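Please open the structure in your viewer and keep the selection tool at hand.

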Amino acid sequence: MNRVDLSRLDQQICTCRLCSLSEGRKCAVPGSGPAPADIMLVGEAPGREEDLTGRPFVGRAGRLLDEALEQAGLERSKVFITSVIKCRPPHNRKPKKAEIDQCRPYLQAQIDILHPKIICLMGNTAALAVLGRQGVTILRGQIMQDRFLVTYHPAAVLRNRNLMNDFVSDLKGLNTQEP
Ligand code: URA
């Protein structure tokens with residue numbers, strides 16, 4: 001049932017015309033992963049390679065995310081990965097507030113369908129869109145409201161590799177498996 005709901009939602013996202021980002025996209029990027037999913041990762045918005053393929057986190061930031069997930073002992077195939085904004089902003093600019101507001105119901109619907117036990121908000125855009133708070137360096141690493149964990153966006157870790165250890169240690173905190 002979850003899969004059916006999710007593919008209906010994917011179709012809605014892929015044909016969405018609610019904001020002007022739809023005019024410039026090749027593909028919308030709804031997200032990918034299991035349904036239901038214990039763990040959800042939320043980024044900011046698709047980049048060039050994601051727009052071309054319709055898949056989340058397949059560019060440079062995605063490769064860094066793969067490396068960090070592996071170091072944290074998490075399998076990418078067991079995690080649902082998406083972003084706040086489902087269409088690429090021109091020149092990878094930051095999403096505007098109006099775009100975030102238009103797109104947020106899709107993320108909420110994904111959360112409702114997938115029932116993740118824990119949702120990792122990667123970067124300030126995700127933290128602001130979902131929790132109404134930003135300041136990753138202060139918020140990171142702690143479980144908030146019983147199910148949210150804020151950490152760096154993988155692109156920030158690409159720019160500053162010194163953040164990798166903290167990023168991996170935050171991702172380890174997502175492991176919902178009993179020891
Ligand atoms: N950055 C994001 O936030 N999401 C993607 O899918 C790719 C890069």
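Begin with the lining of the largest cavity, which by class has nine nonpolar, two polar and two charged residues. Here Ala, Val, Leu, Ile, Met, Phe, Trp, Tyr, Cys and Pro count as nonpolar, Asp, Glu, Lys and Arg as charged, and the others, Gly among them, as polar. The model is a predicted one, in which local features need pLDDT of at least 70 and side-chain atom pairs count only at pLDDT 80 or more, while totals for chains, interfaces and linings use all residues. Residues are numbered from 1 along each chain as its sequence is written, and side-chain values use heavy atoms, with hydrogens and water left out.

**The cavity**

Select Cys16, Cys19, Cys87, Cys103 and Tyr106, which lie nearest the centre of the largest cavity among its 13 lining residues. On a 1 Å grid over the protein atoms alone, a cavity is a set of points where a 1.4 Å probe fits but cannot get out, and lining residues have an atom within 4 Å of a point. The volume of the largest cavity is about 100 Å³, counted as the space filled by probe spheres set on grid points that are joined across faces, edges and corners. In the whole structure, the search finds one cavity of 30 Å³ or more.

Next, colour helix 2 (21-24) and helix 5 (97-114), each of which supplies at least two residues of this lining. Helix 5 provides the largest share, three residues. Helices (H or I, at least four residues) and strands (E, at least two) are DSSP runs, numbered from the N terminus.

Move to Ala45, Ala61, His153, Ala155 and Arg159. About 730 Å³ of space lies in the largest pocket, and of its 31 lining residues these five, Ala45, Ala61, His153, Ala155 and Arg159, are the closest to its centre. A pocket is an open set of grid points with protein on both sides within 12 Å along at least five of seven lines. Then select helix 8 (154-159), which gives the most to the lining, with four residues. By class, the pocket lining has 13 nonpolar, 10 polar and eight charged residues.

**The ligand**

The ligand sits in the largest pocket, in the sense that more than half of its atoms lie within 2 Å of the pocket's grid points. Display the residues around the ligand, including Gly43, Glu44, Pro46 and Glu50; each has a heavy atom within 4 Å of the molecule.

Which residue has a polar backbone atom 3.1 Å from an oxygen atom of the ligand? That residue is Phe57. The side chain of Ser83 has an N or O atom 2.8 Å from a nitrogen atom of the ligand, and that of His153 has one 2.8 Å from an oxygen atom of the ligand. Taken alone, the ligand exposes 240 Å², of which the protein buries 94%, with areas from the Shrake-Rupley method and a 1.4 Å probe.

**Two backbone stops**

Finally, select Pro36, in the loop between helix 2 and strand 1 (39-43). The peptide bond from Ala35 to Pro36 is cis, with omega near -5°. Then select His91, in the loop between strand 2 and helix 5, where phi is near 55°, a positive value in a residue other than glycine.

Conventions:
A polar contact is a pair of N or O atoms within 3.5 Å; within protein, one must be able to donate a hydrogen and the other to accept it, and residues adjacent in sequence count only if both atoms are side-chain atoms.
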